[in-house]
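Work through the exercises below with the sequence and the model open. Each task is followed by a solution in steps.

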Amino acid sequence: MNTLLQPFVSLGNWLWGVLAAVIVWIVGHEDAPAVLYAIKVLLLILCIVVPLLLSVAYLTLWERKLIGWIQVRIGPNRVGPLGLLQPIADGLKLLVKEIIVPTGANKFLFVLAPVMAIMPAMAAWAVVPFGPELVLADIDAGLLYIMAITSMSVYGVIIAGWASNSKYAFIGALRSAAQMVSYELAMGFALVCVLMAAQSLNLGDVVRMQSGGWGFLNWFWIPLFPILLVYLISGVAETNRSPFDVAEGESEIVAGFHVEYSGMAFAVFFLAEYANMILISTLTSVMFLGGWLSPVPAVLADAVGLPWLAAPNFGWLVVKLFVVVSSFLWFRATFPRYRYDQIMRLGWKVFLPLTIGWIVVLGAWMQTPLWVWWK
């Protein structure tokens, strides 16, 4: 068991034992195992959602600090020690602000849109493996589930723009939806390449197929390097992050599809954007960078007398996730916003042909002795 998670696992097992004893005592009939299983699943969901929401909150602080350093500024440092309470202050500010619903808006859809935006960002974590045995739902069609659930996020954007009864919001929603659909095609074909290399739709099997004694040389970033770039850049576009943030180009269309939202309704869209950044960074780490596997070759770790460096560990996934998600922030501080026609051209005329062509190249490569990623 991962030493980093051992205290939490021990505490969880103890709490689960107490809850199980209490529930068995209360229920006391043949349906007790089903009730216990349902409660166990709910506890596991909380163990994923609560850290994810905390990570989203503090990712906003890390973004402001990192961009501040890049631009030779200090960044937030006033609220709490080292500015660590800034996300809590921001959350409280949004919590007490009034949610104003426009007069001509469809109130039901206006409220539904933020839910539709954040739901896929949360539900996709059900099949993400955090370790060899750390996954909520270890299903065989994990990649298909990811593609199906994440494609629903575009509905939140469309509904938000239409329900607001605002021309600016509607134009922003159309631009954003067209962009998301365009780059989702490239991401889908990128996942086909991962499926071909791993010979499985199960995300745990995808990571295990990248295991071996040569550390990072066993990972799929080598045979799928163009696909890694396509997936990462498409993920930036999919989340409407700079330099693909044309849907929220303040100089063009104010704040895009959520221009009419305020308070916690706006905060939910904000949470969905950052939760999607973390999700795409995690999936990039799992599918191309070995997931929880160590980048240190076993031979090197044994040579320096530190064999634990080559051991699989949840901490390795956290490090890879942190590096990838920090690249999203680096892009924002570095590149100017692209024109809309440039974004569409990149998605349809570059990424889509590249991914389809790499499927053919990969299929031919896998039939030769040069393909060394079989297990």
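**Exercise 1. Determine what share of the contacts in the protein chain with a separation of 6 or more joins residues 24 or more positions apart.**

Step 1. A contact means heavy atoms within 4.5 Å.
Step 2. Among contacts with a separation of 6 or more, 77% are between residues 24 or more positions apart.
Step 3. Note the basis: this is a predicted model, in which local features need pLDDT of at least 70 and side-chain atom pairs pLDDT 80 or more, while totals for chains, interfaces and linings use all residues. Residues are numbered from 1 along each chain as its sequence is written, and side-chain values use heavy atoms, with hydrogens and water left out.

**Exercise 2. State how many helices and strands the protein chain has.**

Step 1. Helices (H or I, at least four residues) and strands (E, at least two) are DSSP runs, numbered from the N terminus.
Step 2. The protein chain has 14 helices and zero strands.

**Exercise 3. Describe how α7 and α9 cross.**

Step 1. Axes are lines fitted to C-alpha atoms, for helices over the stretch in contact, and angles run from 0 to 180 degrees between N-to-C directions.
Step 2. The axes of α7 (residues 167-198) and α9 come within 9 Å and cross at roughly 150°.
Step 3. α7 and α9 are therefore roughly antiparallel to each other (an angle over 145 degrees).
Step 4. The crossing is left-handed: the near helix is turned anticlockwise from the far one by less than a right angle.
Step 5. Residues making the contact include M180, Y183 and M187 of α7 and V230, Y231 and S234 of α9.
Step 6. The contact residues divide into 11 nonpolar, three polar and two charged (nonpolar: Ala, Val, Leu, Ile, Met, Phe, Trp, Tyr, Cys and Pro; charged: Asp, Glu, Lys and Arg; polar: the others, Gly among them).

**Exercise 4. Describe how α9 and α14 cross, and which residues make the contact.**

Step 1. The axes of α9 (residues 225-238) and α14 (residues 340-365) come within 10 Å and cross at roughly 145°.
Step 2. α9 passes α14 in a left-handed crossing.
Step 3. P226, I227, V230, I233 and S234 of α9 meet F351, L354, T355 and W358 of α14.
Step 4. These residues divide into seven nonpolar, two polar and no charged.

**Exercise 5. Locate Q210 and decide whether Q210 is buried or exposed.**

Step 1. Q210 lies in the loop between α8 (203-208) and α9.
Step 2. Its relative accessible area is 1%, so Q210 is buried (buried: under 20%; exposed: over 50%; 1.4 Å probe, protein chains only).
Step 3. A polar atom of the Q210 side chain lies 3.1 Å from the backbone nitrogen of F220.

Technical notes. Parallel < 35°, antiparallel > 145°, perpendicular 65-115°, else oblique. Polar contact = N/O pair within 3.5 Å; in protein donor to acceptor, adjacent residues only side chain to side chain.
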